[in-house]
Amino acid sequence: MNFKVSVIVPIYRVEKYIEKCVRSLFEQTLKEVEYIFVDDASPDCSIDILKQIMLEYPERAKNSKIISHISNKGLTVARNSGLVQTTGEYVIHCDSDDWMEYTMLEDMYRVTQEQKAEIVTCDFRMVYNDHYVDYHTIDWSEDKIASLCNYIAYGWTVLWNILVKRDIYVQNKLKFFEPDSAYCEDFNLSVKVLFHARKVVHLSKILYNYNQMNVGSIMRSLNKKRCMMNR
């Protein structure tokens, strides 16, 4: 199958949340999706839960890979491990305690085709125990420098709401800094992929749910939150 989108999902200590994440991925309305799960030596039952859910979605399981680290290497290394395995036309990252709206990949991929965009961004929702907050990300213009300045000033320089043409990663040899950094691991790479894109389009639609309830996960470290909030 020629995949339209590859999704990279690092996994570490998310046994309470991974089922919701994986079901949201496997129930995407877009069919031509490749799933790259990276087990970063998770010590809990996260991978067992993933494998059990895969049995319920055999067609999706056929298009899934599980990459296993012998030891815990951190989020950026896990994402890089997934990135080199992708074969899809476009790539997106998903944290394993978050979840996507079911039309997210189809909606974003459709924009790439309709507007000949190399990157499409979308809006997102921060979900707390008793409420949620919606975030509407910036629009993009033909002035790349001005748009990048607006993007950096906005503060939410993340990759899980950015669908990127895989050629941008490959041709420019882009990846996350290693070893893992405790601060703003998305920032450097998100700015680089946006800089190299010939056309970026903002889809004004909330499609990604950012879980604020998993305070114990390494992918929800306090350092990461502080960095994003204080920029």
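This is a predicted model: local features need pLDDT of at least 70, side-chain atom pairs count only at pLDDT 80 or more; totals for chains, interfaces and linings use all residues.
Is Glu34 buried or exposed? Its relative accessibility is 2%, and because buried means under 20%, Glu34 counts as buried.

If we leave out residues up to four places away in sequence, Glu34 touches Phe3, Val5, Ser6, Val7, Asn63, Lys65, Gln85, Thr86, Thr87 and Gly88.

One name in that list, Val7, leads us on to the nonpolar residues. Setting aside neighbours within four places in sequence, Val7 is in contact with Leu25, Val33, Glu34, Tyr35, Ile36, Ile92, Cys94, Met100 and Leu105. Val7 also belongs to the largest nonpolar core, which has 44 residues, and Val7 is listed there among those with the most contacts inside the core, together with Val5, Leu25, Phe37, Ile92, Met100 and Met108. Several elements each supply at least two residues of this core, including strand S1 (5–11), helix H1 (18–26), strand S2 (33–39) and helix H5 (104–115). There is also a second, separate core, of 21 residues, which includes Ile8, Leu148, Val164 and Val200. As a general remark, nonpolar side chains in soluble globular proteins tend to be buried together.

Leu148, from that second core, takes us to helix H6, residues 144–154, where Ser147, Leu148 and Tyr151 are buried. Why do these three lie on the same side of H6? They do so because they cover an arc of only 100° around the axis. On the other side of H6, by contrast, Ile145 and Ala153 are exposed, and just after the helix comes Gly155, which takes a positive phi of about 105°.

Let me finish with the whole protein chain, whose secondary structure comes to nine helices and nine strands. Of its 231 residues, 55% count as buried, and the chain exposes about 10600 Å², of which carbon and sulfur atoms supply 51%. Finally, if we take the contacts between residues at least 6 apart in sequence, 81% of them join residues at least 24 apart.

Conventions:
Residues are numbered from 1 along each chain as its sequence is written. Side-chain values use heavy atoms; hydrogens and water are left out. Buried means under 20% relative accessible area, exposed over 50%, partly exposed in between (1.4 Å probe, protein chains only). Helices (H or I, at least four residues) and strands (E, at least two) are DSSP runs, numbered from the N terminus. The arc is that of the directions from the helix axis to the C-beta atoms. A nonpolar core is a set of buried Ala, Val, Leu, Ile, Met, Phe, Trp, Tyr and Cys residues joined through side-chain atoms within 4.5 Å. Contact means heavy atoms within 4.5 Å. Accessible areas come from the Shrake-Rupley method with a 1.4 Å probe; for residues, only the protein chains shown count as cover.
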